[in-house]
Amino acid sequence: MAALMQDPGEKSLDKLLATLTTVAHPETYVFAALDKTADLPPLAEVQLLFRESEAVTVIVRKTYAEDNQIDYFFPSRMITLNVTSSLEAVGFMAVIATRLATLGMGVNPVSGFYHDHLFVPEGREAEAVEELKKLAEEKRRELE
């Protein structure tokens, strides 16, 4: 029988920001829109799959898209936010996205069960990681 799971995540915005660390992944990922009747990539190749009314959006490694002749958009790097935020945490991703927007950086956030992940433009991942490090340091000083 299915049951409501215990929330493993933190809800305090201050605590999430003050303890934020990141992991930048080396692979380049891309977004693709597949026809709803198309064969989907194997699950092992999919970083994200989301069904929309127009198409199925997938995030896959750029090399996979190229090897399989899948048209793609937004070559990006994935940054994992190394805090376990609650899916009910209020404002966490808004603060992160707003902070990166001050650098003129578009970000595509994805929330998993245990972590949030950011897809940032390829070539700007170090800049994003550094800015998030500054944000965490500022929050820690503020809370002292």
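Colleague: Which residues make the nonpolar surface patch?

Modeller: Keep in mind that this is a predicted model. Met 5, Leu 87, Phe 113 and Tyr 114 make the patch, which covers about 450 Å².

Colleague: Take Leu 87, then: why is Leu 87 called exposed?

Modeller: The label needs over 50% relative accessible area. Leu 87 has 56%, so Leu 87 is exposed. As for its place, Leu 87 sits in the loop between strand E4 (73–81) and helix H3 (92–101).

Colleague: On to charges. How many salt bridges does the structure hold?

Modeller: There are 10 salt bridges.

Colleague: What makes Asp 14 and Lys 139 a salt bridge?

Modeller: The cut-off is a side-chain nitrogen of Lys or Arg within 4 Å of a carboxyl oxygen of Asp or Glu. For Asp 14 and Lys 139 the closest N and O atoms are 3.0 Å apart, so the pair meets that definition. The bridge links distant parts of the chain, with Asp 14 in helix H1 (residues 13–18) and Lys 139 in helix H4 (residues 125–143), 125 residues apart.

Colleague: And are those two buried or exposed, Lys 139 and Asp 14?

Modeller: Buried means under 20%, so Lys 139 at 13% relative accessibility counts as buried. Asp 14 has a relative accessible area of 35%, so Asp 14 is partly exposed.

Colleague: Which residues are linked with Asp 14 in a network of salt bridges?

Modeller: Lys 139 and Glu 142 are linked with Asp 14 in that network. The side chains of Lys 139 and Glu 142 meet at 2.9 Å, N to O. Both lie in helix H4, three residues apart, which is about one turn of the helix. Glu 142 counts as exposed, because its relative accessibility is 55%.

Colleague: How do you know that Glu 45 and Arg 61 form a salt bridge?

Modeller: Their closest N and O atoms are 2.6 Å apart, and the limit is 4 Å, so the pair qualifies. Here too distant parts of the chain are linked: Glu 45 is in the loop between strand E1 (22–34) and strand E2 (46–51), while Arg 61 is in strand E3 (residues 56–61), 16 residues apart.

Colleague: Let's go inside. Which residues have the most contacts inside the largest nonpolar core?

Modeller: Leu 81, Phe 92, Ile 96, Leu 100 and Leu 118 do, in a core of 18 residues. H1, E4, H3, strand E6 (116–121) and H4 each give two or more residues to this core.

Colleague: What does Leu 118 touch?

Modeller: Leaving out residues up to four places away in sequence, Leu 118 touches Met 78, Ile 79, Leu 81, Ile 96, Leu 100 and Leu 132, among others.

Colleague: How about Phe 74: buried or exposed?

Modeller: Buried, because its relative accessible area is 17% and the limit is under 20%. Phe 74 is not a glycine either, yet it has a positive phi of about 60°. Phe 74 lies in strand E4.

Colleague: Zooming out, in what order do the elements run?

Modeller: From the N terminus on, the order is α-β-β-β-α-β-α-β-β-α, with four helices and six strands in the protein. Buried residues make up 36% of the 144 residues.

Colleague: Where does UniProt place the feature "domain: DUF2241"?

Modeller: The unreviewed UniProt entry places it at residues 8–77. Over that stretch the chain is 17% helix and 43% strand, with the end C-alpha atoms 26 Å apart.

Definitions and conventions. Residues numbered from 1 in each chain as written. Predicted model: local features only at pLDDT ≥ 70, side-chain atom pairs only at ≥ 80, totals over all residues. Heavy atoms only, no water. Patch = residues over 30% accessible without salt bridge, like charges linked within 9 Å, V, L, I, M, F, W, Y side chains within 5 Å. Areas by Shrake-Rupley, 256 points an atom, 1.4 Å probe, with all protein chains shown as cover. Buried < 20%, exposed > 50% of the residue type's maximum accessible area, 1.4 Å probe, protein only. Core = buried A, V, L, I, M, F, W, Y, C linked by side-chain atoms within 4.5 Å. Contact = heavy atoms within 4.5 Å. UniProt positions renumbered as here; feature names shortened; annotations may be inferred.
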